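Hello,

Here is the structure I promised to pass on to you. Have a look at it first, and then read my notes below.

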Amino acid sequence: MAAAVERVVGEVPAGYTALAVKFGARQRSPHYLLVKEHQLREGAGTAHPPHRTLFVLNVPPYCTPAALSRLFSRCGHVQSVDMCDKPGPGEKKEKLKSKFFNCETVTGFQVAYVVFKKPAGVQAAKALSQEGPLLISTESHPVKTGVRKWIASYAASIVDQEELKAEVDAYMQDYDKKIEEEEAKAAKEEGVPDEEGWVKVTRRGRKPGLPRTEAASLRLLEKEKQKRARKELLNFYAWQHRETKREHIAQLRKKFEEDKQRIALMRAQRKFRPY
């Protein structure tokens, strides 16, 4: 076992430490996580603070954030575990308040950022390479796989309609309130010059601009057509008389055929009713 660990450690990139993990106690071959202290440029805003964040590579798909937090909890209090498909800048993101939307599932091997409460946790995690393989799934904390995982995923996918409706209503109330505040701010600043004397031109004025949508374009075309029809002189020329008569005769013939079909249908549906 020691020779295998030395061979694997010799193959890891510089600066990383290999930690042996196994899915369960019955698994023979271990899997290796590559860990190191997360480093970043000074002044860069990030959700992964320096000196307290452990960067983990080669995280297997069956290793969940809860399992990863349990593995490193022996090194100190784990504040958060952030898993993603590839390394990134780790910019601070607004915490998702919804469990129904923006739930992206990452498949395949991942990378993880384990944030400890104290910097000593990072050094203690790197020292785990001297111990035996860590177990991801135990009897007290089993990790669901196979059919059990599919059943749990299906059960979690069933949405409570009442809870979803309450969340959507609350979101729309916040959105309407935000729009009202923006409109009030825009109305307050309308027509007021800035420090250099410039006046911001907005859509909210005496003649606000039309929205560039298909429905608005169709309405505009219909109005133009009606306006053009009012301006035209009807039955002024001889060819207009002929066109009008021809259209009138065509409409009468069409109506006559429709009436014939309707009468034939009524006769076919007629039944003998002695009472």
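**Aromatic pairs and the core**

Tyr113 is buried, with a relative accessible area of 3%. Please keep in mind that this is a predicted model.

The rings of Phe55 and Tyr113 have their centres 5.2 Å apart, and since their planes are at 40°, the pair is tilted. Phe55 sits in strand β3 and Tyr113 in strand β5, so the pair ties together parts that are 58 residues apart in sequence. Phe55 counts as buried too, at 6% relative accessibility.

How many aromatic pairs does a search of the whole structure find? There are two. Besides the one above, Phe23 pairs with Tyr62: the ring centres are 5.1 Å apart and the planes are at 85°, so this pair is edge-to-face. It links distant parts of the chain, 39 residues apart, with Phe23 in the loop between β1 and β2 and Tyr62 in the loop between β3 and α2. Both partners are partly exposed: Phe23 has a relative accessible area of 23%, and Tyr62 is at 24%.

Now to the nonpolar residues. The largest nonpolar core has 24 residues, and Leu54, Val56, Leu68, Phe72, Val114 and Phe116 touch the most other members. Two or more residues come from each of β1 (17–22), β2, β3, α2 (65–72), β4 (78–84), β5 (110–116) and α3 (120–126). Which element gives the most to this core? That is α2, with four residues. A second, separate core holds 10 residues, including Ala18, Tyr32, Leu34 and Tyr113.

Leaving aside residues up to four places away in sequence, its contacts include Val35, Phe72, Ala112, Val114, Phe116, Val122 and Ala125. Lys36, Glu37 and Lys126 are also among them, as is Tyr113.

Finally, a word on the backbone. Most residues other than glycine have a negative phi. His51 is not a glycine, yet its phi is positive, at about 70°. You will find His51 in the loop between β2 (31–37) and β3 (53–59), and at 52% relative accessibility it counts as exposed. Asn58, likewise not a glycine, has a positive phi of about 65°. Asn58 lies in strand β3 and is partly exposed, with a relative accessible area of 32%.

Enjoy exploring, and write back whenever you like.

Best wishes

Notes: Residues are numbered from 1 along each chain as its sequence is written. This is a predicted model: local features need pLDDT of at least 70, side-chain atom pairs count only at pLDDT 80 or more; totals for chains, interfaces and linings use all residues. Side-chain values use heavy atoms; hydrogens and water are left out. Buried means under 20% relative accessible area, exposed over 50%, partly exposed in between (1.4 Å probe, protein chains only). A nonpolar core is a set of buried Ala, Val, Leu, Ile, Met, Phe, Trp, Tyr and Cys residues joined through side-chain atoms within 4.5 Å. Contact means heavy atoms within 4.5 Å. Rings of Phe, Tyr and Trp (its six-membered ring) pair if their centres lie within 6.5 Å; planes under 30 degrees apart count as stacked, over 60 as edge-to-face and the rest as tilted.
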